[in-house]
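Here are my notes on the model you sent.

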Amino acid sequence: MEILDSLVIGAGQAGLSASYHLSRRGIDHVVLDANRAPGGAWRHRWDSLTMADVHGVASLPDAEPPSGSGRANEVVPAYFAAYERSKDLPVVRPVRVDRVESVDGLLVTHAGERTWTSRTLVNATGTWTQPHLPSYPGIADFAGEQWHTQDYPGADHFRGRRTLVVGGGASAVQLLGEIALVTDVLWATRRPPVWRTDEFTPEAGHDAVALVEERVRRGLPPASVVSVTGLMLRPQEEAARRLGVYDRRLPMFTRIEPNGVRWADGRFERVDAIVWATGFRPAITHLAPLHLRGPAGGVQLDRHGTTAVADPRVQLTGYGPSASTIGANRAGRAAARGVATWLAAHPSEVLGAPADEAG
Ligand code: FAD
């Protein structure tokens, strides 16, 4: 049985960064990725999202930033593909990991019939595969269409359909900006959006990340970084703003009916389609057998930001404060350091249980 020093799950920005830094340290590993081809979640972004729409994709370690002005779901995957090739990263795909178990002090990663055994693990599975759909009474009886950001078909699809966009984040703002130009659109959010009118400085970004970091250090479920940075309308959303779309926000309805949504005071709005721009959750269900989640509901990470306190063999990247391309880059480096630290401290435990398990 081959025992790898480390195994990376996921080949998005976080996984590629981790793999690059593990390689530089001479730590043997493989990267397992569920996608058929390079690109991480960027492969699946909607077609109308161009490089002019994204806030900026950070360059991968020791590489130039992505260039090109076309669709984000083409430009970034091409950039990742070239990076994997030029750095000779050991990515194996398509491999969807089902579960990771701890067996006799080693980590055993399962994907269908296949298994990999490693001493440490870097999880870099992002959030895209775990869309969050809130539960509302009547949701299953809605006769119209329901979409999530994850499978958003493009604004044209909604032509002629009265559409309700739900959610208070950047994706909701962006989708409203497109859909408002082709049909009658409504916007509902649980909390009023926090608009940002000042310039988004690096200091403001740092403060936002620090807030999420603090939650993760306390073992709370991470809030998204975007949720603490505030929202800005960009030139692309100007036409929708002039139509008043962003001023006509509704509070959340209390139930969904076959032809629309109803509020507690009895008010009803007819809608033909609902777009849930309600975000994503960390895609970490395959780690459940490792019992990393604490009583507060999140995975507590140490002060360096990637090592799981409950099992320091495991690094979590792209989780909480590192859920941005720049954060994922940094987390990849921190994770490789965390792996190297663990391996150096446990040289003779290849076949034995780690002290915390044995004890
Ligand atoms: P991902 O890119 O999601 O990669 C995870 C990989 O893991 C995928 O390849 C997936 O197939 C694989 N995987 C998942 N589960 C498994 C499994 N069980 N087994 C094997 N493989 C698995 N950030 C910015 O910095 N700038 C921006 O402009 C920006 N724009 C954004 C726009 C949108 C619409 C969204 C939704 C996010 C945006 N972000 C942006 C956030 C940023 O894209 C993410 O934080 C970052 O790309 C996440 O990288 P990642 O490597 O953690 O995850």
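How many residues surround the ligand, and which are the closest?

1. Ligand shell. This is a predicted model, so read every distance below as a computed value. The ligand is surrounded by 30 residues. Asp 33, Arg 45, His 55, Val 97 and Thr 325 are the closest.

2. Shell make-up. Sorted by class, the residues around the ligand are 14 nonpolar, 13 polar and three charged.

3. Polar atoms at the ligand. A polar backbone atom of Gln 13 sits 3.0 Å from an oxygen atom of the ligand. The side chain of Trp 42 places an N or O atom 3.4 Å from a ligand oxygen. Gly 56 uses its backbone: an N or O atom there is 2.8 Å from a nitrogen atom of the ligand.

4. Ligand burial. On its own, the ligand exposes 1000 Å². The protein buries 88% of that area.

5. Domain layout. Now the chain as a whole. Domain 1 covers 3–129 + 280–357. Domain 2 covers 139–195 + 231–276. Taken over C-alpha atoms, the centres of domain 1 and domain 2 are 34 Å apart. Their contact draws 10 residues from domain 1 and 10 residues from domain 2.

6. Interface area. Between them, domain 1 and domain 2 bury about 830 Å². Carbon and sulfur atoms contribute 52% of this area. On the side of domain 1, Trp 46, Asp 53 and Phe 280 account for 60% of the area buried against domain 2. No other three residues of domain 1 supply as much.

Terms used
Residues are numbered from 1 along each chain as its sequence is written. This is a predicted model: local features need pLDDT of at least 70, side-chain atom pairs count only at pLDDT 80 or more; totals for chains, interfaces and linings use all residues. Side-chain values use heavy atoms; hydrogens and water are left out. Domain bounds come from an automatic or database domain assignment. Contact means heavy atoms within 4.5 Å. Buried area is the accessible area (1.4 Å probe) that two parts lose on being put together, summed over both. A residue is near a molecule or strand if one of its heavy atoms lies within 4 Å of it. A polar contact is a pair of N or O atoms within 3.5 Å; within protein, one must be able to donate a hydrogen and the other to accept it, and residues adjacent in sequence count only if both atoms are side-chain atoms. Accessible areas come from the Shrake-Rupley method with a 1.4 Å probe; for residues, only the protein chains shown count as cover. Ala, Val, Leu, Ile, Met, Phe, Trp, Tyr, Cys and Pro count as nonpolar, Asp, Glu, Lys and Arg as charged, and the others, Gly among them, as polar.
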